[in-house]
Amino acid sequence: MSLNMETIQQALDKLLHNHSECNRLYYDIYFSEDPQDIELEYYDDDGNLTTITIPNRAKLTQWYKSTHVPPRNSILYGKIDSVGAPAHLILNAGAAEIDASPVMLLINFAAGIEETGPVDHIEVVTSDNIFSGLTVSSTCFLYIERNASTGDLSYGHTVLTPITAKVAPSNPEAGQHWYDSHTGRMMVYEDGAWTAVQRVWLGSCVTDADGTVTSVSPAAIGMAVSDADFMALLDRLDSKPYDALDYPHICTDDNRITVSAAAATAGGVVTVDGGESIVLAESTADGMGRLRTLEIPAFASADLTANSTYYLRAQIDDGELQVYLQLGTDADAIPDDLLGTPNGEDSGGFDSTKLDVLLAKIATGDAASVPTVTTLCNAHRLAVSANVTGTVTNSEQPSAVISYALQLQWGRVPDGLPAVNISALNALGGTNQDDWDLQLYHACDYDRYGIAGEVVSDYASSASNVTMIYVAASA
């Protein structure tokens with residue numbers, strides 16, 4: 001493969017998922033025998049293994065080398081001095097200058113995260129640049145900006161110290177920059193609102209009263225955020241929209257946990273020994289989440305209020321599974337954010353959601369009595385089927401009414417309810433394969449604890465009629 005800037009640009013674009021049509025690409029970055037050369041090996045759109053060598057006089061950071069994960073929104077590659085310190089920003093005759101020739105700068109512009117992974121743009125800078133118009137008597141933070149529409153590069157500065165955090169700074173000034181390490185975007189506060197931009201810090205400089213630059217400090221080559229923040233960002237690469245996530249799944253034979261109850265001074269106490277595994281989603285961004293498998297921790301309640309209804313629930317909080325109680329009723333609606341309120345005084349009886357699992361219902365009685373515990377089944381898909389029997393109820397017009405009642409005790413209300421079933425006569429005890437019979441399900445009552453109703457069949461004999469009931473909750 002011929003080696004030129006366009007070739008390097010294309011390879012790096014693919015490595016960093018710059019092309020929206022590319023799904024997750026497999027890549028490896030390693031050092032050749034010549035420590036001055038960097039070989040890039042990747043799979044192109046046709047699945048062909050491609051390798052190029054970028055010749056230059058510097059090394060990537062050890063972090064970059066060891067993790068094989070490109071740092072986001074930072075300088076990936078640039079000039080360093082004899083001891084390995086960054087040297088791409090220099091003081092030149094009272095001015096701050098970018099030194100990108102002959103040693104080029106490779107810069108990663110982070111532009112958020114989509115379903116297929118991080119959105120990053122790699123740009124190559126090969127010409128020097130002197131920063132002009134700097135604020136006098138100030139520390140100026142210098143950046144390079146990529147136009148999101150055209151890809152053109154420009155330079156600028158601010159005198160407000162940039163902030164890197166997972167949440168927006170409070171009471172920001174106009175022009176404040178904030179790198180949102182939770183979503184992987186650089187934001188700037190303008191006209192009373194945060195606006196996404198593609199800017200990377202190149203370093204800082206100090207000016208005197210005449211605007212002359214007296215010192216420069218190049219930005220590090222490598223990570224623009226802390227190890228912890230960056231790894232937390234990587235953890236989110238498998239995030240999906242809430243609708244695409246599975247419902248909670250308790251990894252036991254009956255998809256329930258064990259909850260014990262005992263009397264106390266007031267309404268009694270409940271305990272969970274813990275140790276069972278559960279698959280539950282945690283939120284990673286607005287409308288996005290990922291599944292995690294965690295161990296249910298031990299839990300012991302305080303003495304509960306007598307004659308009250310509690311719901312034992314769990315959600316992931318700051319990476320840890322939190323088991324909690326919340327008062328409520330079975331009629332409580334699902335919250336907009338899909339999460340309950342630990343120790344809440346009401347509204348805790350809603351169905352399991354993708355982010356918050358309903359483990360059990362706890363009903364307390366009079367003081368000093370033992371609470372009644374109903375543990376609930378939670379699985380990605382909930383379904384039950386059973387054969388029920390009925391007899392002739394009207395000999396003048398042969399038919400059978402079959403009453404049924406099935407216990408569910410699920411973490412969420414069923415939605416796959418019985419409808420109409422057509423079955424062969426011999427399946428109901430007859431002998432004529434050509435005589436098909438209609439069964440109509442009606443008068444059905446259901447909730448998360450059970451379902452009951454009647455089946456009316458147009459076939460009846462002195463023998464009992466048998467039919468199958470099937471109920472499910474969506475996955």
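These are my notebook entries on what I looked up in this predicted model.

**Entry 1: ground rules**

I count residues from 1 along each chain as its sequence is written, and side-chain values use heavy atoms, with hydrogens and water left out. Because the model is predicted, local features need pLDDT of at least 70 and side-chain atom pairs count only at pLDDT 80 or more, while totals for chains, interfaces and linings use all residues.

**Entry 2: the whole chain**

I began with the overall picture. The chain holds three helices and 34 strands; these are DSSP runs numbered from the N terminus, helices being H or I of at least four residues and strands E of at least two. Of the 475 residues, 47% are buried (under 20% relative accessible area; exposed is over 50%, partly exposed in between, with a 1.4 Å probe and protein chains only). The accessible surface is about 22,400 Å², and carbon and sulfur atoms own 48% of that (Shrake-Rupley method, 1.4 Å probe; for residues, only the protein chains shown count as cover). I also looked at contacts (heavy atoms within 4.5 Å). Among those with a separation of 6 or more, 59% are between residues 24 or more positions apart.

Next I went through the pairs. Strand 18 (residues 240-241) is joined to strand 23 (residues 288-295) by two bridges. There, K240 has G289 as its bridge partner, and P241 stands opposite M288. Strand 22 (residues 277-285) and strand 23 share eight bridges, and S277 is partnered with E295. Strand 22 and strand 23 also make a hairpin with two residues between them, and G287 in the turn has a positive phi of about 75°.

Three bridges tie strand 20 to strand 21 (residues 269-272). A262 has V269 for its bridge partner in strand 21.

**Entry 3: nonpolar cores**

I then looked for nonpolar cores (sets of buried Ala, Val, Leu, Ile, Met, Phe, Trp, Tyr and Cys residues joined through side-chain atoms within 4.5 Å). The largest has 23 residues, and I257, V259 and L312 are among those with the most contacts inside it. Strand 21, strand 22, strand 25 (309-317), strand 26 and strand 27 each supply at least two residues of this core. Apart from it lies another core, of 20 residues, including I75, L105, I107 and V200.

Back to I257: leaving out residues up to four places away in sequence, I257 touches I250, V272, E276, I296, L312, L359 and T375.

**Entry 4: salt bridges**

How many salt bridges does a search of the whole structure find? The search gives ten (a side-chain nitrogen of Lys or Arg within 4 Å of a carboxyl oxygen of Asp or Glu).

R72 and D120 form one, at 2.9 Å from N to O. The two are 48 residues apart, R72 in the loop between helix 2 (62-67) and strand 4 (74-77), and D120 in strand 8 (residues 117-125). R72 is buried at 4% relative accessible area, and D120 is buried at 1%.

D99 and K79 form another, also listed at 2.9 Å, N to O. D99 is buried at 10%, whereas K79 is partly exposed at 30%.

E123 and R146 meet at 2.8 Å, N to O. E123 sits in strand 8 and R146 in strand 10 (residues 139-146), 23 residues apart. E123 and R146 are both buried.

**Entry 5: around D351**

I ended with D351, in the loop between strand 26 (320-327) and strand 27 (356-363). Is D351 buried or exposed? Its relative accessibility is 15%, so D351 counts as buried. Its side chain makes a polar contact with the side chain of R448 at 2.8 Å (a pair of N or O atoms within 3.5 Å; within protein, one must be able to donate a hydrogen and the other to accept it, and residues adjacent in sequence count only if both atoms are side-chain atoms). D351 and R448 also belong to a salt-bridge network with D330 and K361.

Note on methods:
Pairing = 2+ DSSP bridges.
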